[in-house]
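Welcome! Have a look at the sequence and the fold, and then read on.

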Amino acid sequence: MNKFKAKMIQFMSGRYGSDALNQFLVIVSLILCFIQIIVRNSILSALILILLIYVNYRTLSRNIVARRLENDKFTRLIKPYQLKWQYRKTHKVFRCKQCKQIIRVPKHKGTIEITCPKCKTKVTKRT
């Protein structure tokens, strides 16, 4: 077992590995697998296979800079939704129309005027 572990460490040395985008793609492919069991669609099977091949490609890639840029774009895209989910019980999350700054305000305060901390734009929203 020790030899196998050493060989795996040597093989993965210099490779990108897993990140948030890979985890998301694996979860999507698992959900599609469950749907495919019910629907039995060959196009869906092909999509699942393509997703899993892409996950393996990203994991084993030696182009670390490109994979990191892909992951950064993904995390920037999903960040507002993560915040909405994280603070869903206590806060409302808005995005400034001008500068795209994410603003978090407490829930159940009625209609309030929100001032963007970045560009000082004022907006009236219901919480």
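Predicted model: local features only at pLDDT ≥ 70, side-chain atom pairs only at ≥ 80, totals over all residues.

A search of the whole structure turns up 4 salt bridges, and a nonpolar patch lies on the surface.

**A salt-bridge network**

- Asp19 and Arg58 form a salt bridge, with their closest N and O atoms 3.0 Å apart.
- Asp19 sits in the loop between helix H1 (2–12) and H2, while Arg58 belongs to helix H3 (residues 42–60), so this pair ties together parts that are 39 residues apart in sequence.
- Are these two partners buried or exposed? Asp19 is buried, and Arg58 is buried too.
- Arg58 also meets Glu70 in a salt bridge, at 2.8 Å from N to O.
- Glu70 lies in helix H4 (residues 64–86) and Arg58 in helix H3, so the pair links parts that are 12 residues apart in sequence.
- Arg58 has a relative accessible area of 0%, which is under the 20% limit for buried residues.
- Which residues do the salt bridges with shared partners join into one network? They are Asp19, Arg58, Arg67 and Glu70.

**A salt bridge between exposed residues**

- The side chains of Glu113 and Lys122 come together in a salt bridge, with 3.9 Å from N to O.
- Glu113 and Lys122 are both exposed.

**The nonpolar patch**

- Which residues form the nonpolar patch on the surface? The patch consists of Val26, Ile27, Leu30, Ile31, Phe34, Ile35, Ile37, Ile38, Val39 and Leu52.
- Together, these residues have about 940 Å² of accessible area.
- Helix H2 (residues 20–39) supplies the largest share of the patch, with 9 residues.
- Val26 is one of the patch residues, and Val26 is found in helix H2.
- With a relative accessible area of 32%, Val26 is partly exposed; patch residues need over 30%, so Val26 passes that cut-off.

**A look at Ser45**

- Ser45 is located in helix H3.
- Its relative accessibility is 31%, so Ser45 counts as partly exposed.
- How far apart are Ser45 and Ser18 in sequence and in space? They are separated by 27 residues in sequence and by 23 Å in space, taken from C-alpha to C-alpha.

Notes. Residues numbered from 1 in each chain as written. Heavy atoms only, no water. Patch = residues over 30% accessible without salt bridge, like charges linked within 9 Å, V, L, I, M, F, W, Y side chains within 5 Å. Areas by Shrake-Rupley, 256 points an atom, 1.4 Å probe, with all protein chains shown as cover. Helix = DSSP H or I, 4+ residues; strand = E, 2+ residues; numbered from the N terminus. Buried < 20%, exposed > 50% of the residue type's maximum accessible area, 1.4 Å probe, protein only.
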